[in-house]
Amino acid sequence: MTLTDERLMGHARAVRARGSAMPPDGMPSAEILDSWVRCMQRGLDSAAPAAITVVDAAELAHRRERAEVARRLAQAELETLAQQIAGSNFLLAFADRDGVILDLYCDNRFSMSGSDAGILAGSCWSEALCGTNGLGTALATGRSVAVTGLEHYFLQLGDISCTATPVRDAQGHIVGVLDASSYFESRQRHTQALVQMAATHIENGLFVHQMRSRFVLAIHPRPEFLGTLSAGLLAFDEQGRLQALNARGRHLLQGLDAAPGTSFEELFGEPFEQVLTRLHRGGDRRLRDMLGSSLVAACVSQPAEHRTPTAPPRRPAAAVAAAPLEVVTDDPEVADAFRLVEAALRMKVPILIQGETGSGKEVLARHAHRASGRAGAFVAVNCGAMPEDLFEAELFGYVGGAFTGARRDGSVGLIASADGGTLLLDEVSEMPMHLQSALLRFLDDQVVRPVGGTATRRVDVQLLAATNAELDDEVAAHRFRADLLYRLNTVRVELPPLRLRRDFAAAVRSVLATLDTGTSIDDDAVERLAWHAWPGNFRELRSVLTRALLARSGHRLARVDVDRLLPVASPASGSALRQGASEMVRREFERTGHSVSQTSRNLGISRTTVYRHLREARGEA
């Protein structure tokens, strides 16, 4: 028995001693064993704490920018996954190709348990540093992987189960990884399948974006599956030479020489131009490959110069995930919010923006920056994703050598980076209490002093804060300072959720235009979308429309294109959604003896929302 074998057996015995479920032979799967071997060869000590490193805010911003398109697509999928596994004490993350977490969503119960220690935006979870874990091992192997409980190499992670899937670009290179983690006892059997499906959605969107100057065809043996994840995607240049294909396309063409440079005719026995003309005219979509297999095809993207002259030039569906959401203000409440913010800018007072996740808070903040005419930068800080021990240094800056791991030349800090511009504190309710007092001092004097330094600097910053929490309740629970709320609350606006917006149809068409300017949507398709509750708001809407665009065959989205992407609903559920919500608020208002604050607390909505529903219940505009 080799030394490595002995160490493996010893590690397995330690795992069994702590009660982890093990196979009858006393050893985990070969995949986990291979990972343990790699960890041992790197000299990792399974009984010691994992050496989790966290990059600073500037490096995190650089990595997010480098993975911008994949990250935007991933954010939509994280929203969808959060709804699918809600209530299971989960943490969802998207990391870049090095294992550095770019974005995460965390269930409050998971966060409060302490199981998420070290799982932060900017933390690196590569296998080389953190041993066997879903995210790092998926990157190390290039395959989807599930790591359950004490299959983690570091015993301290034995309470967590995680499943992760790599995300590849059009050329097959890994650009990131999607991960879902939960308590060991809360794991769900179907989570791995959901993560794999979400990763495929990201890959398909990324494929269409990267191949936007090519002809992209979707293929499948059955026409009803062309718009699903089981369809293959093939990209050809103008001469009909294959440029790229996704994993499903490679599987469907198994046995053929489906390599870059292979001609369309070598694969399907027909001239490329002839098939394109047929597809564009809505003719026969059937193909037969050179091995005799029958397929159907649809053209899902093509170069701008080859698009139909009657339709405006189209951008690829996936590219838009990174495009800014067009501002739609036909809803009176939204229009009032925009007007109030613009008026507040002239007085240079702090502005608090409230609304559900994905309801457009950052869109309003960016509009405020543009409307202000300020020459400085727009700097957005996600307070919920900032490591608590580095928060003050990242916000106020630090001098070289101020703390272990600090850069030699120091950092100017995010507030000073926004000098002359706009600073958005997103998820401000997540700011640690001890830093709230520091922010309050800054609001009083607009002066920053870097950590470890003595020199101060006066800055000119327009401050905006955004939250989906009810800050009055946070104050009552002693999680947020009342005096800071008074300062931030100088001007407060609330954005309604998408399901309650009176300009819903205009909002849908605006989002669609950012995704594909050459595609329109039928009125009955918009009506079907209106039946959905949209818990993810605009982020969820962008995800659904992106999927519909990848599946459609013409230049219009019909009801059938969106119907298959949404849960079963009845017309009454959408058309009566606002009325039902208003009636529920009215009944609770009556039950509490006409107490707006009590109604707000009982229903978990803001007082502004209570007032709006009461007006609507009375039939007022």
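**Surface, then sheet**

Reply: The chain exposes about 27,200 Å², and carbon and sulfur atoms supply 50% of that area. Areas come from the Shrake-Rupley method with a 1.4 Å probe. This is a predicted model: local features need pLDDT of at least 70, side-chain atom pairs count only at pLDDT 80 or more, and totals for chains, interfaces and linings use all residues. Residues are numbered from 1 along each chain as its sequence is written, and side-chain values use heavy atoms, without hydrogens and water.

Me: What share of the residues is buried?

Reply: Of the 621 residues in the chain, 54% are buried. Buried means under 20% relative accessible area (1.4 Å probe, protein chains only).

Me: How many helices and strands?

Reply: There are 26 helices and 21 strands. Both are DSSP runs, numbered from the N terminus: helices are H or I with at least four residues, strands are E with at least two.

Me: New topic. What order do the strands take in the open sheet?

Reply: The order is 14-15-18-13-19, with parallel pairing. Two strands pair if DSSP finds at least two bridges between them.

Me: Which strands are at the edges?

Reply: Strand 14 (378-382) and strand 19 (491-494). Each pairs on one side only.

Me: How many bridges join strand 13 to strand 18?

Reply: Four. Strand 13 covers residues 351-354 and strand 18 covers residues 462-467. Ile353 stands opposite Ala466 in strand 18.

Me: Which strands does helix 12 touch?

Reply: Helix 12 (residues 332-347) packs on the sheet and touches strand 13, strand 18 and strand 19. Contact means heavy atoms within 4.5 Å.

How values were computed:
Axes are lines fitted to C-alpha atoms, for helices over the stretch in contact, and angles run from 0 to 180 degrees between N-to-C directions. Buried means under 20% relative accessible area, exposed over 50%, partly exposed in between (1.4 Å probe, protein chains only).
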